[in-house]
Amino acid sequence: MELIESGQFSVDDFGHAKVFGEYILLLPVPVLIHLQTMLEKELGAKKAGAFLEEIGVYQVRQALERYKKRLGIQKVDKTKIMEFEKKIINIIGFGNVDTKVVFNGSVIDITLNNPTVAIKYAEINGKCRHPVDYYLGGILKGSFSTLTGKDMTVEEIRCAAMGDSVCRFILKPKKKRAKG
Ligand SMILES: [Zn+2]
């Protein structure tokens, strides 16, 4: 609602919907889950996860670029990125997730309380033996890499699709490869 009121959501003369100045498709969650399940069968969970994570990173980088251009600023301040990230998570259908972010040195610990995809994934595919929120992990990784100015890695260590009560992500700065 807030997006419509602020004009961030618009529809052009051809009926194409736009959010933050880019065309969007509204996909039902099971569609994403179906794609993910097919990729997992074909490539294995790890490789499939890497693709979906990259989609999340790509999405948030593009969105932040547009956001910066729109506001004509070079550097987006940190609180704005946090706000914007919550909006992105909200727009793509995760809803008003209750997010807890803990900064522990260079490690960022994020807990999500209402993870739509994980809950739906378990509903469709049954309880899973691995975490499933690669896409959301990619969004977090993209946001916090921008926020900290460092390349981060992300790992989901608890997932509601596995029967955990929350989804929990650990982000760390990517280790530089040792020389020699
Ligand atoms: Zn999860």
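Two strands count as paired if DSSP finds at least two bridges between them. Helices (H or I, at least four residues) and strands (E, at least two) are DSSP runs, numbered from the N terminus.

**Before selecting anything**

This is a predicted model: local features need pLDDT of at least 70, side-chain atom pairs count only at pLDDT 80 or more, and totals for chains, interfaces and linings use all residues. Residues are numbered from 1 along each chain as its sequence is written.

**Whole chain**

Colour the protein by secondary structure. There are 6 helices and 7 strands. From the N terminus on, they run α-β-β-β-α-α-α-β-β-α-α-β-β. Of the 180 residues, 28% are buried; a residue is buried if 20 or more other C-beta atoms lie within 10 Å of its own, exposed if 12 or fewer, and partly exposed in between, with C-beta atoms placed from the backbone. Two residues are in contact if their C-beta atoms, placed from the backbone, lie within 7 Å. Among contacts between residues at least 6 apart in sequence, 55% join residues at least 24 apart.

**Stop 1: the sheet of E1, E2 and E3**

Select residues 9-11, 17-19 and 22-23. These 3 strands form an open antiparallel sheet in the order E1-E2-E3. Strand E1 (9-11) and strand E3 (22-23) are its edge strands, each pairing on one side only. E2 (residues 17-19) is joined to E3 by 2 bridges. Show valine 19: glutamate 22 in E3 stands opposite.

**Stop 2: the sheet of E4 to E7**

Now go to the sheet of 4 strands, which is open and antiparallel, with the order E4-E5-E7-E6. Its edges are strand E4 (99-104) and strand E6 (152-158), each of which pairs on one side only. From one strand to the next, the twist averages 20°, an angle that, like the others here, runs from 0 to 180 degrees between N-to-C directions, with axes being lines fitted to C-alpha atoms, for helices over the stretch in contact.

Helix H6 (residues 134-148) packs on this sheet and touches E5, E6 and E7. The direction of H6 makes about 140° with that of E6.

Start at the hairpin of E4 and E5, where 2 residues lie between the strands and glycine 105 takes a positive phi near 65°. The two antiparallel strands are joined by 6 bridges, and asparagine 104 stands opposite valine 107 in E5.

Next, select strand E5 (residues 107-112), which pairs with strand E7 (residues 167-173) in the antiparallel sense over 5 bridges. Isoleucine 108 has leucine 171 in E7 as its bridge partner, while leucine 112 stands opposite cysteine 167 in E7.

**Stop 3: two residues of E7**

Isoleucine 170 lies in strand E7. With 17 other C-beta atoms within 10 Å, isoleucine 170 is partly exposed. Beyond four places in sequence, its contacts are Val107, Asp109, Glu155 and Ile157.

Move on to leucine 171. Not counting residues up to four places away in sequence, leucine 171 touches Ile108, Leu140, Lys141, Phe144, Met152, Thr153 and Val154.

**Stop 4: the largest nonpolar core**

A nonpolar core is a set of buried Ala, Val, Leu, Ile, Met, Phe, Trp, Tyr and Cys residues joined through C-beta atoms within 7 Å. The largest one has 29 residues, of which Ala118, Leu140 and Leu171 touch the most other members. Two or more residues come from each of helix H3 (45-71), E5, helix H5 (116-125), H6, E6 and E7. H6 gives the most, with 7 residues.

**Stop 5: H2 against H5**

Select helix H2 (residues 29-43) together with H5: they pack at an angle of about 65°, with their axes 10 Å apart. H2 and H5 are therefore roughly perpendicular to each other, a label for angles of 65 to 115 degrees, while those under 35 count as roughly parallel, over 145 as roughly antiparallel and the rest as oblique. H2 contributes Val29, Pro30, Leu32, Ile33 and Thr37 to the contact, and H5 contributes Thr116, Val117, Lys120, Tyr121, Ile124 and Asn125.

**Stop 6: histidine 130**

Finish in the loop between H5 and H6, at histidine 130. Histidine 130 counts as partly exposed, with 13 C-beta neighbours inside 10 Å. Its C-alpha atom is separated by 7.9 Å from that of alanine 45, which is 85 residues apart from histidine 130 along the chain.
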